[in-house]
Amino acid sequence: MQVLLPYRQDAGASSAPSALATSSATSELNGSKPADAALKGQLVANNGEKLKDNNGDVNISDSSSDSDDEEHGPSKEDCIRQFKVMLKERGVAPFSKWEKELPKIVFDPRFKAIPSHSTRRAIFDHYVRTRAEEERKEKRAALKAAVEAYKELLEEASEDINQKTDYQEFKRKWGADTRFEALDRKEREILFSEKVKAVQEKVQSMRKAVIANFKSMLRESKDITSTSRWAKVKENFRSDPRYKAMKHEERETIFNEYIVELKSAEQEAEQAAKAKVDEQAKLKERERETRKRKEREEQEMERVKMKIRRKEAVSSYQALLVEMIKDPKASWTESKPKLEKDPQGRARNPDLGQGDAEKLFRDHVKDLYERCVRDFRALLSEVITPEVAARTTAEGKTAINSWSEAKGHLRSDLRYNKLPSKDKESIWRRYADDLTRKLRQSDTKEKDKSDTDGKQPRSSDPPRRR
């Protein structure tokens, strides 16, 4: 950033004697330190400053016009620019002190061209603050220019640089060039290595292109297979430019690489075909397993449905048997036609087989019979009690030794008529035998108890004499 100072060249300044400038410079060297006011404020103060001539009786005002200044001397911008150039030429370092650098610049005419001390100091302070960044920019620009010049040198030396050229060989031939010495050794070697690498990449790219064209020529031939030999096929390509572009010693090597690629491609094709066949076989196997599983699931579902239908059919048929078959003496032959006349068709259900219907009928009749037997046994235990069994007729008959006597006690109950006579008598006989045995056991226990009680001496009897 350049500071533009509103500087006015006074008309009497050019005629001032050199003794005045020398006196001012001497006061600067003696350590005079005026206040460091802001540059802009100082310039405003300068507008009201009045200078005297050598006799001290004439005041020259700053009111002279700018047009007169431009006619009699350099402009303020030129003075400031020249002041900064002076600082640079005198080697003023960044962030340096005014007192340290003053001896280098105080006697320079460009120093004196700025009449105000505070203005000089302001320009100086601004310069040392910004000089570091300017130097960095200058160094970067100089380095960039040196790099570009060195790259131009490398381009000019391209004919002497190949993929095997080393740095020392390049240096021996081109080291005297000013563009070579403009960079330090490290930068030169890095850029040289990049150049050699670029050459190598270019050579490799060209070689790859030649090899690709050579293999393309081989692919176009229909006579070459994975079993072909170079000695037998090379005569077919001698007139092809792609054959000539390939080095003699590399042709057979590249041909053999191509044959390896053919074999590899054939193997991959075989493996792909085999994999496809295997995949198809696996797919068919999965489809077969899926179909079997689906069939099993359908069969299982059908079995479950049949089981449910059969269960419902059995329940319905059993309900029909309960409704129509109440006699435990009923026969299947006589009952079947009656059951088949059921308006709901429960006896003709297709989910109920012929054997199932007959079996369920016989199970039902058996349940009826067993229920009647249980009822008859309950009747015997209720009617023929031990008291009734102890009653004896004039003929010596009792309810447990005479069936005719027992019938007289039982026939009035409905449970008596539900069983056949032979079944009634056999059940009665087993019951009578059990009751007789129980009565005998009871009599024996009572007799034994009475005998035991008769043998025990009474407490009032006197003891026997011995």
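Lys171 is partly exposed, with a relative accessible area of 33%, because values between the limits for buried (under 20% relative accessible area) and exposed (over 50%) count as partly exposed, using a 1.4 Å probe and protein chains only. This is a predicted model, in which local features need pLDDT of at least 70 and side-chain atom pairs count only at pLDDT 80 or more, while totals for chains, interfaces and linings use all residues. Residues are numbered from 1 along each chain as its sequence is written, and side-chain values use heavy atoms, with hydrogens and water left out.

Lys171 belongs to helix H8, residues 167-174. Helices here are DSSP runs of H or I with at least four residues, strands are runs of E with at least two, and both are numbered from the N terminus.

Val210 sits in helix H10, residues 185-220, and is partly exposed at a relative accessible area of 23%. Leaving out residues up to four places away in sequence, Val210 touches Ala245 and Met246, where contact means heavy atoms within 4.5 Å. From Val210 to Lys244, 34 residues apart along the chain, the C-alpha separation is 9.9 Å. Pro241 is part of helix H12, residues 241-245. Pro241 is exposed, its relative accessible area being 61%.

Now take the chain as a whole. The protein has 18 helices and two strands. It holds 466 residues, of which 29% count as buried. Among contacts between residues at least 6 apart in sequence, 66% join residues at least 24 apart.

The axes of H13 and H15 come within 10 Å and cross at roughly 45°. Axes are lines fitted to C-alpha atoms, for helices over the stretch in contact, and angles run from 0 to 180 degrees between N-to-C directions. The angle makes H13 oblique to H15: under 35 degrees would count as roughly parallel, over 145 as roughly antiparallel, 65 to 115 as roughly perpendicular, and the rest is oblique. The H13 and H15 crossing is right-handed, the term for a near helix turned clockwise from the far one by less than a right angle, with anticlockwise being left-handed. On the H13 side the contact involves Arg310, Val314, Tyr317, Gln318, Leu321 and Val322, which meet Asp356, Ala357, Leu360, Phe361 and His364 of H15. These residues divide into seven nonpolar, two polar and two charged. In this grouping Ala, Val, Leu, Ile, Met, Phe, Trp, Tyr, Cys and Pro are nonpolar, Asp, Glu, Lys and Arg are charged, and the others, Gly among them, are polar.

H15 also packs with helix H14 (residues 332-340), at an angle of about 115° and with the axes 11 Å apart. That angle makes H14 roughly perpendicular to H15. The crossing of H14 and H15 is right-handed. Here Trp332, Ser335, Lys336 and Leu339 of H14 meet Gln354, Ala357, Glu358, Phe361 and Arg362 of H15. By class, the residues of this contact are four nonpolar, two polar and three charged.

With H17, the axis of H15 comes within 10 Å and crosses at roughly 95°, which makes H15 roughly perpendicular to H17. Phe376, Leu379, Leu380 and Val383 of H15 make this contact with Trp403, His409 and Leu410 of H17. Six of the contact residues are nonpolar, one is polar and none is charged.

The last topic is the core. In soluble globular proteins, nonpolar side chains tend to be buried together. A nonpolar core is a set of buried Ala, Val, Leu, Ile, Met, Phe, Trp, Tyr and Cys residues joined through side-chain atoms within 4.5 Å. The largest one here has 19 residues, and Phe376, Leu380, Ile384, Trp403, Leu410 and Trp428 touch the most other members. Two or more residues come from each of H15, helix H16 (386-389), helix H17 (403-410) and helix H18 (421-455). H15 gives the most, with five residues. Leaving aside neighbours within four places in sequence, Phe376 is in contact with Trp403, Leu410, Arg415, Tyr416, Leu419, Lys424, Ile427 and Trp428.
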